[in-house]
Amino acid sequence: MAGAATQASLESAPRIMRLVAECSRSRARAGELWLPHGTVATPVFMPVGTQATMKGITTEQLDALGCRICLGNTYHLGLRPGPELIQKASGLHGFMNWPHNLLTDSGGFQMVSLVSLSEVTEEGVRFRSPYDGNETLLSPEKSVQIQNALEMTKRDVPGFAIGGLSGGESKSQFWRMVALSTSRLPKDKPRYLMGVGYATDLVVCVALGCDMFDCVFPTRTARFGSALVPTGNLQLRKKVFEKDFGPIDPECTCPTCQKHSRAFLHALLHSDNTAALHHLTVHNIAYQLQLMSAVRTSIVEKRFPDFVRDFMGAMYGDPTLCPTWATDALASVGITLG
Amino acid sequence: MVCWQSVSVWSVAGRVEMTVSKFMAIQKALQPDWFQCLSDGEVSCKEATSIKRVRKSVDRSLLFLDNCLRLQEESEVLQKSVIIGVIEGGDVMEERLRSARETAKRPVGGFLLDGFQGNPTTLETRLRLLSSVTAELPEDKPRLISGVSRPDEVLECIERGVDLFESFFPYQVTERGCALTFSFDYQPNPEETLLQQNGTQEEIKCVDQIKKIETTGCNQEITSFEINLKEKKYQEDFNPLVRGCSCYCCKNHTRAYIHHLLVTNELLAGVLLMMHNFEHYFGFFHYIREALKSDKLAQLKELIHRQAS
């Protein structure tokens, strides 16, 4: 009767994911997450708004791009403005006025990236604040406390976060770990791959069976003047764009591409104000969201493998010129390129 | 640096000698609706200028104007733009009057009163000059002034015949992390007045709140027309910047949130503050127009003066 007992414990967790379509070749899936602040279509890319804001853009702009879930950071918010204040502001949703879903991470990444400021003890991880030098003990209890005050949805969501894989391991190891993880996880629960990322990685990891992604890359690269496009990226500071009066991407529907030219953005990047960064942040988020939307549609319309081939063709000039690790990863789930 | 042929400006690309032809070539490319003519405004950048130098600035500016008008006559494209004549003359009454009279003789679309910028005390003395200058100008052409943007100074200039102002004041306020909160509704309903008074007692009390702060590119003092959102007292203030304001920031966010964004150096702080500060400032100008129409400028002036320190 051990089998029956196991079945019962699996059924007790609330179902928040509904699968809408599955790729017949790879492990790609299209689905829906039913979260407290609305439904979210998967696969989904979640922009990162570390300190209760998406850097430089308003929640209205983010909503207009179709974003329905984004990330907040437990460690940073726990320090500034702190859980007590956020509680008084009716939670993180109220504080930043975001009507859709929020995911807050556990602060674990900060454990790795700020390791020189930390000391692991039996009680937890003791941090020295980079802002004022004060010490904080991030114990399991405190982490949970902060997360509860921030109304984090993750704790209530029975899904799986695949973490610890965006820190610099080789791509070859990376895809194998992802594939291994998804092969072991139940189909009907969301798989959240933390810290991923680049367009190619997103497409490959969808093929490997992941549903949710977050990464600072698109918003960070925007602030360095880089615009994401199907062929890679455009370094708009470069002189070659000085008199290029086309939009970043003629196929893109974001406000930046509707209203502004590469030449204008180039000029802004060489001026003394931050306007370009806002426009590029809007575009790069739009790019990621539109990419995920296109991926999802291709899965629903049962042509995901063709989509992958077209995507790699655009990105690398020819599907066969795709990086080896990606070719291997896709092959492992039945998708061949060229 | 100015000479009879050109005005030199320094940019990231080094020194640019702006001759009349170069200047007009740029205007031809830009195709603005109207543009301020090339002029010699160097006297306002220097202290204690000789009358000889002031005289030169008026003569040169008139020469530039005549040359620009001539080039405009020769170009169909340039004729679509309106030229604004610039009135110079430093602090010398005789030269100011000469500049005004001579410029008014030319077919310009309006007048820009240059050289009136400076700190509040210098404006005091210059306001007398201003009245005399505008008296020489035709009633039916707009008068612009550069370098004046503070609410109290704006009203003083309006009383002396000025029509258009630059809006760098709300921008400076934003750059120092502040929000405009001054009242300009000279005919509020009594209930609202009571509510405002109760809510903003602290702001009105702090007449001594002038502090010198250093922010990037902005060494201006905080005025009594604004609140400094970086102050700790706003950390838990869940009110909008200004109650009743219909800007995006006030409709969607709180003082506490703006405080958080400023403390964490987030880009969004400036975005939200700029939206509010522009809306507030333009709202002020709307009330100025209403006051002028209903002959209530004195009430508005009194209200603004009560809030200036």
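A salt bridge here is a side-chain nitrogen of Lys or Arg within 4 Å of a carboxyl oxygen of Asp or Glu. By that rule, two salt bridges cross the interface of domain 1 and domain 2 of chain B, and the count between chain B and chain A is also two. This is a predicted model, in which local features need pLDDT of at least 70 and side-chain atom pairs count only at pLDDT 80 or more, while totals for chains, interfaces and linings use all residues. Residues are numbered from 1 along each chain as its sequence is written, chains are lettered from A and ligands numbered from 1 in the order in which they are written, and side-chain values use heavy atoms, with hydrogens and water left out.

**Where chain B meets chain A**

- In contact terms (heavy atoms within 4.5 Å), 18 residues of chain B touch 20 residues of chain A.
- About 1,700 Å² is buried between chain B and chain A, 62% of it on carbon and sulfur atoms; buried area is the accessible area (1.4 Å probe) that two parts lose on being put together, summed over both.
- On the chain B side, B:His260, B:Glu266 and B:Leu267 lose the most area to chain A, together 32% of what that side buries.
- B:Glu266 also forms a salt bridge with A:Lys55, with the closest N and O atoms 2.7 Å apart.
- Helices H8 (248-252), H9 (255-263) and H10 (268-293) of chain B each supply at least two residues to the side that touches chain A; helices (H or I, at least four residues) and strands (E, at least two) are DSSP runs, numbered from the N terminus.
- H9(B) gives the most to that side, with five residues.
- The chain B side divides into 11 nonpolar, five polar and two charged residues.

**Two domains in chain B**

- The domain assignment, which is automatic or from a database, gives domain 1 (17-166) and domain 2 (169-183 + 225-308) of chain B.
- Taken over C-alpha atoms, the centres of these two domains are 31 Å apart.
- Here 11 residues of domain 1 are in contact with 15 residues of domain 2.
- Domain 1 and domain 2 of chain B bury about 1,100 Å² between them, 77% of it on carbon and sulfur atoms.
- B:Glu156 and B:Lys301 meet through their side chains in a salt bridge (3.7 Å, N to O).

**Strands and sheets**

- Chain B has an open sheet of five strands with parallel pairing, in the order E3-E4-E5-E6-E7; two strands pair if DSSP finds at least two bridges between them.
- Strands E3 (34-36) and E7 (164-165) of chain B stand at the edges with a single partner strand each, so one side of each is left without a neighbour in the sheet.
- Four bridges join the parallel strands E4 (residues 82-87) and E5 (residues 110-113) of chain B, and B:Val86 has B:Leu112 in E5(B) as its bridge partner.
- In chain A, five bridges join the antiparallel strands E2 (residues 29-35) and E3 (residues 38-42).
- E2(A) and E3(A) form a hairpin with two residues between them, and A:Trp34 stands opposite A:Thr39 in E3(A).

Technical notes
Nonpolar A, V, L, I, M, F, W, Y, C, P; charged D, E, K, R; others polar.
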